[in-house]
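The paragraphs below take up their pairing, their geometry and their surroundings.

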Amino acid sequence: MTRASFGFRTLTPAAIAALLLAGTTHHASAQEQVVKIGHSGPLSGPNAFAGKDNENGVRLAIEELNAKKIVVEGKTLKFELVSEDDQCDARTGVSVAQKLVDGGVKFVMGPYCSGVAIPASRVYNDGGAMVSTVGTNPKVTEGGYKNLFRIIASDTQIGSNMAIYAAQVLKVKQVAVIDDRTAFGQGVADQFTKEAKKQGLTVVGQEFTTDKSTDFLSILTSLKAKQPQAIFFGGYAPQAAPMARQMKQLGLTAKLLGGDTLCSPEVGKLGGEAVNDTVVCAQGGTMLDKVANGPAFKAKYKARFKLDADAYAASYYDQVMFMADAMQKANSTQPAKVGAQMLQSSHQGVAGTYAYDDKGNLKQAPITVLTFRNAAPVPLASY
């Protein structure tokens, strides 16, 4: 067979340049490593506003990290967001966890709800994934899983601080408690009740509802007769807002106290003027307006998403940045090595300093107490 039969021909300079460019492009892509960052949260249903806010915090961090072109083990990291809707439902959340693990996701931000975080954490652990959650129930970090981090204060800190605030600042003597029977709501209400009794407060009534309810007239009427000066609600924003409206409707003048979920702007949107100077809540983290990089983060978030940052966007953003920093220091993208690096170091983020104990809880978790004015959350003090 002759050389001509193979189709050989003399290459032009342009063709040679094209081949060289193709080789260079292939070489560059070979030096890139994709790191998937999963997100599990409620992207539908009444808590979707929180899930989207958390997702946006992750997205903002990923976009900034990709622009920086971080190099680990000689390869430029390309971060990709894989976001799933767990609906704040335990069964759905476990399915989401399995899907993310099966898809090769090794770093997961979320879940948002404690009732999802507790059962899903086992799936993530078995799949070798790192989890960074805002689930506040103490049980979230009591499973013995090494690579699980709680990126905000726990119910123990939030519920207890709200009871101390009620006793020492609001100067109330009689309180009532309502919880929605979720892992989060019951957990934070229990912590409030324990500390309230330590503070010498009288718990005049305890009632229960669900995280699907919107009519609280019956239980509020029952509590009104017991004359509480404050009612602590362990539950979420979509229930707190109508609860505040119905308290006003009944002429119940007690303060409505709660944890971080009541600090959401969503409470103001749904509750209107009924929440003003009535809802008082405790949220993990410091006041963004009062910390060095807080105002800049809020402005950057609004410019990118055309929305105001909600409760935990900054915390999700900070933790992704901490993980990336740990990857560089450990020179690895293996969750075990990244997690070990995070446990022996700290990170100064927008919302505070992140340093974890051996259970994955923040060593120092500041709390901010807020109320509502003009149907918008207003910080009162940080502790």
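If the bonded cysteines of the protein chain are numbered in sequence order, what is the pairing? The pairing is 1-2, 3-4. The structure holds two disulfides, a disulfide being a pair of cysteine sulfur atoms within 2.5 Å. This is a predicted model, in which local features need pLDDT of at least 70 and side-chain atom pairs count only at pLDDT 80 or more, while totals for chains, interfaces and linings use all residues. Residues are numbered from 1 along each chain as its sequence is written, and side-chain values use heavy atoms, with hydrogens and water left out.

Helices (H or I, at least four residues) and strands (E, at least two) are DSSP runs, numbered from the N terminus. The link of Cys88 and Cys113 is right-handed, with 60° about the S-S bond.

Is each of these cysteines buried or partly exposed? Buried means under 20% relative accessible area, exposed over 50%, and partly exposed in between (1.4 Å probe, protein chains only). Cys88 is partly exposed because its relative accessible area is 21%, whereas Cys113, at 5%, is buried.

Cys263 and Cys281 form a disulfide as well, with their sulfur atoms 2.2 Å apart. Here too the pair links distant parts of the chain: Cys263 is in the loop between strand 10 (255-258) and helix 9 (265-271), and Cys281 is in strand 11 (residues 279-284), 18 residues apart. Their link is right-handed, with 130° about the S-S bond. Both Cys263 and Cys281 are buried.
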